[in-house]
Amino acid sequence: MKRLIIYRTLVIGGIVALLEVLCLTGVIDRITMQAPHRIVRDLYRMLVSGRMNSAIVKTLSNTVVALVLALSVGIVVGALVHRWRALRDTLDPLFATYYAVPVFAFYPFFIVVFMLGVVAMIVNTLNGLDRVPAVLVKTARIMRLSPIDTALRVMLPAAGPYIVTGIKLAVAYAFIGVIGSEFIMSRGGIGYEISFAYTSFDNATMYPLIVLILLASVAVNAVLTRWEQRLLQRRGMRT
């Protein structure tokens with residue numbers, strides 16, 4: 001694991017160093033992109049000044065709402081679909097081809113960001129429930145647990161690692177849905193500010209905001225990955 005972190009750091013550091021050299025030597029002109037150290041400087045100034053606070057708060061709050069909806073609906077629907085085989089067989093082909101649908105054609109805003117994340121949660125919940133050991137299901141029946149108690153106390157906890165994988169995907173789709181929707185349909189938020197900066201050739205605003213999104217995504221993904229590894233280790237599974 002430590003080696004993997006070192007390799008990732010070296011790769012990212014190498015890419016950043018290469019971009020720095022290309023920008024400083026003029027291979028990449030300033031209109032296209034400024035040097036990475038200037039992006040970091042502009043991001044720091046932006047955060048200190050607070051001029052993008054309202055846009056950041058709007059985007060993050062929308063992302064959290066979209067994520068909560070996707071998680072709650074996706075897990076519940078996944079658990080219900082898993083119980084009815086006929087419904088599962090009917091919906092499986094739809095889940096497999098779902099992301100070929102141009103969801104951004106569906107307005108309003110929250111329909112788009114909700115639709116992106118919820119299917120990821122349903123699919124991964126089903127995937128996890130399919131892998132619950134049969135002995136746990138039999139034990140729940142012997143103890144005469146109700147369907148709800150079986151789901152909450154046995155099935156969903158046993159499917160935990162796969163559900164966390166779904167959460168990771170839902171986080172990514174929530175960010176993509178919110179930023180993309182703000183980019184093309186909104187008049188506020190980070191996506192709108194990136195779009196406005198792009199059309200205005202304002203690289204001092206556009207690239208720092210992009211880096212901010214990347215940092216937020218990486219931080220959330222790192223926390224969820226660590227949680228996923230702990231769940232797998234508790235079950236004696238290799239990570």
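These are my notebook entries on a predicted model of one protein chain.

**Ground rules**

I number residues from 1 along each chain as its sequence is written, and I work with heavy atoms for side-chain values, leaving out hydrogens and water. Since I have a predicted model, I ask for pLDDT of at least 70 for local features and 80 or more for side-chain atom pairs, while totals for chains, interfaces and linings use all residues.

**The whole chain**

I looked up the secondary structure and found ten helices and zero strands. Here helices are DSSP runs of H or I with at least four residues, strands are runs of E with at least two, and both are numbered from the N terminus.

I then checked the extent: the C-alpha atoms fill a box of roughly 70 × 45 × 30 Å along the principal axes.

Of the 239 residues, 38% count as buried. Buried means under 20% relative accessible area, exposed means over 50%, and partly exposed is in between, with a 1.4 Å probe and protein chains only.

For contacts (heavy atoms within 4.5 Å), I took residues at least 6 apart in sequence, and 70% of those contacts join residues at least 24 apart.

**Helix 2 and helix 10**

Next I picked a pair of helices, residues 36-49 and residues 203-234. I describe two packed helices by the angle between their axes and the distance between the axes. For helix 2 and helix 10 the angle is about 85 degrees and the axes are 9 Å apart. The axes are lines fitted to C-alpha atoms over the stretch in contact, and angles run from 0 to 180 degrees between N-to-C directions.

Helix 2 and helix 10 are therefore roughly perpendicular to each other; that label covers 65 to 115 degrees.

Who meets whom? From helix 2 I noted Ile39, Asp42, Leu43 and Met46, and from helix 10 their partners include Tyr207, Pro208, Leu212 and Leu215.

**Glu228**

I stayed in helix 10, where Glu228 lies. Is Glu228 buried or exposed? Glu228 is buried, with a relative accessible area of 13%. Leaving aside neighbours within four places in sequence, I found Glu228 in contact with Pro161, Val164, Thr165 and Lys168.

**Phe95**

My last stop was Phe95 in helix 4, residues 85-97. Phe95 is buried too, at a relative accessible area of 15%. Not counting residues up to four places away in sequence, Phe95 touches Val119, Ile122, Val123 and Leu126. I also took one distance: the C-alpha atoms of Phe95 and Ala17 are separated by 41 Å, and these residues are 78 apart along the chain.

Terms used:
Parallel < 35°, antiparallel > 145°, perpendicular 65-115°, else oblique.
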